[in-house]
Amino acid sequence: MTSRFPPEGKLLYTPENQALCATAEGLEQAMATGTVLEGLALLCDEHHDLVVRLGPFTGRIPREEAALGITEGTTRDIAILSRVGKPVCFIVEGLEGQDGTLVPRLSRRRAQELALGHIMASWVPGQVIPATVTHLEPFGAFVDMGCGVPSMIGVERLSVSRIPHAGVRLAPGQDILAAVLEVDRSRRRVVLTHRELLGTWEENAALFRPGMTVAGWARGVKDYGIFVELAPNLSGLAEHRDGIREGDRLSVYIKSILPERMKLKLIVIDVLPPDEGPQPLHYFITDGVLNRWQYAPEGCAKAGGETVFQPENRAGA
């Protein structure tokens, strides 16, 4: 999947980016065409200007050009400080000489304006897009939709299985896919969702068979049993066992799978050593535009989650 304005870090080592950043002529060409480039933020000075390495040159992004919303006060300076040591995108605004050295004058804000304009003009509800996780909170995951333009996926939309913190599912720096839930042009904001791409109950249940013993995670411990997550969008109920706590990694025996009731009956075999970070994600949908997603199998007596991507909210509608 390609994107005209990918999340920051995706352009840094591309041949085109390296070639344009290598010479003054390349930077002049990028300036003339408005091409988005990337460099590495070396430091943030006392004025909160970013000093950026691009090829053999050292450029500068003034504080007011370092992020959308800085001048207006809607974005905090942490958005600038947190870029140190990381790739930053920019538009070349000028090439200035200082003590015989070329110092490119750069704008990250302009690159983000271009990316946000593209998003507002072309993205539609249901569209599958690439994103990169920037940081995590208990209530959700903040992601880079392109050129550092942020959005947030609520923890309830990361997966069907309930989790206590977004860090259970994702990690900073992780590349993920998401689906556009809403494009709000008046507020220049995009709402994203994630769980729909991780498969329906039927798709996930098809990966398992009665009689298998597999690893899972305790997501809910009740007197009547333990809810065990086998995949981000699939959980089953195990018989109660003393000493099990939420978050424990378990081996469980699959006693039965009941599609008509959307249930898996499990037996806890053992408590396993904890994981080192979130597990890799398996996407059942990787591109295209979704109209409707239903978690439960057709005709199932038990209701499941459903998402309708409203066409009246789509760009150009």
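## Close-up views of a predicted model

**View 1. Asp45 is buried, with a relative accessible area of 13%.** The model shown here is predicted. Asp45 counts as buried because the limit is under 20% relative accessible area. Its partner in a salt bridge is Arg60, with 2.7 Å from N to O. This pair links distant parts of the chain, 15 residues apart. Arg60 sits in strand S3 (residues 57–61). Asp45 sits in the loop between strand S1 (37–44) and strand S2 (50–54). Arg60 is partly exposed, at 34% relative accessibility.

**View 2. Glu65 and Arg109 form a salt bridge.** Their closest N and O atoms are 3.1 Å apart. Glu65 lies in the loop between S3 and helix H3 (78–81), and Arg109 lies in helix H4 (residues 108–122), so the pair ties together parts that are 44 residues apart in sequence. Is Glu65 buried or exposed? Glu65 counts as buried, at 14% relative accessibility. Arg109 is partly exposed, at 24%.

**View 3. A salt bridge joins Glu306 and Arg292.** The N to O distance is 2.6 Å. Glu306 belongs to strand S17 (residues 306–308) and Arg292 to strand S16 (residues 292–294), so this bridge ties parts 14 residues apart in sequence. Both side chains belong to partly exposed residues: Glu306 has a relative accessible area of 44%, and Arg292 has 45%. The model's salt bridges come to 18.

**View 4. Asp144 is buried and has no salt bridge.** Which side chain of opposite charge is nearest? That is Arg83, at 5.9 Å. Asp144 is placed in strand S7 (residues 140–146). Its side chain reaches the backbone nitrogen of Glu8 at 2.8 Å. Beyond its neighbours within four places in sequence, Asp144 has contacts that include Pro7, Ala131, Thr132 and Val149.

**View 5. Five strands make a closed barrel.** The order is S11-S12-S13-S15-S14, with mixed pairing. On average, neighbouring strands of this sheet are turned by 50° against each other, direction ignored. Strand S13 (residues 234–238) pairs with strand S15 (residues 263–272) in the parallel sense, over 2 bridges. Leu237 has Lys265 in S15 as its bridge partner. Strand S14 (residues 249–258) runs antiparallel to S15, joined by 9 bridges. Here Tyr253 stands opposite Ile267. The hairpin of S14 and S15 has 4 residues between the strands, and Met262 takes a positive phi near 55°.

Key:
Residues are numbered from 1 along each chain as its sequence is written. This is a predicted model: local features need pLDDT of at least 70, side-chain atom pairs count only at pLDDT 80 or more; totals for chains, interfaces and linings use all residues. Side-chain values use heavy atoms; hydrogens and water are left out. Buried means under 20% relative accessible area, exposed over 50%, partly exposed in between (1.4 Å probe, protein chains only). Lys and Arg count as positive and Asp and Glu as negative; His and the chain ends are not counted. A salt bridge is a side-chain nitrogen of Lys or Arg within 4 Å of a carboxyl oxygen of Asp or Glu. A polar contact is a pair of N or O atoms within 3.5 Å; within protein, one must be able to donate a hydrogen and the other to accept it, and residues adjacent in sequence count only if both atoms are side-chain atoms. Contact means heavy atoms within 4.5 Å. Two strands pair if DSSP finds at least two bridges between them. Axes are lines fitted to C-alpha atoms, for helices over the stretch in contact, and angles run from 0 to 180 degrees between N-to-C directions.
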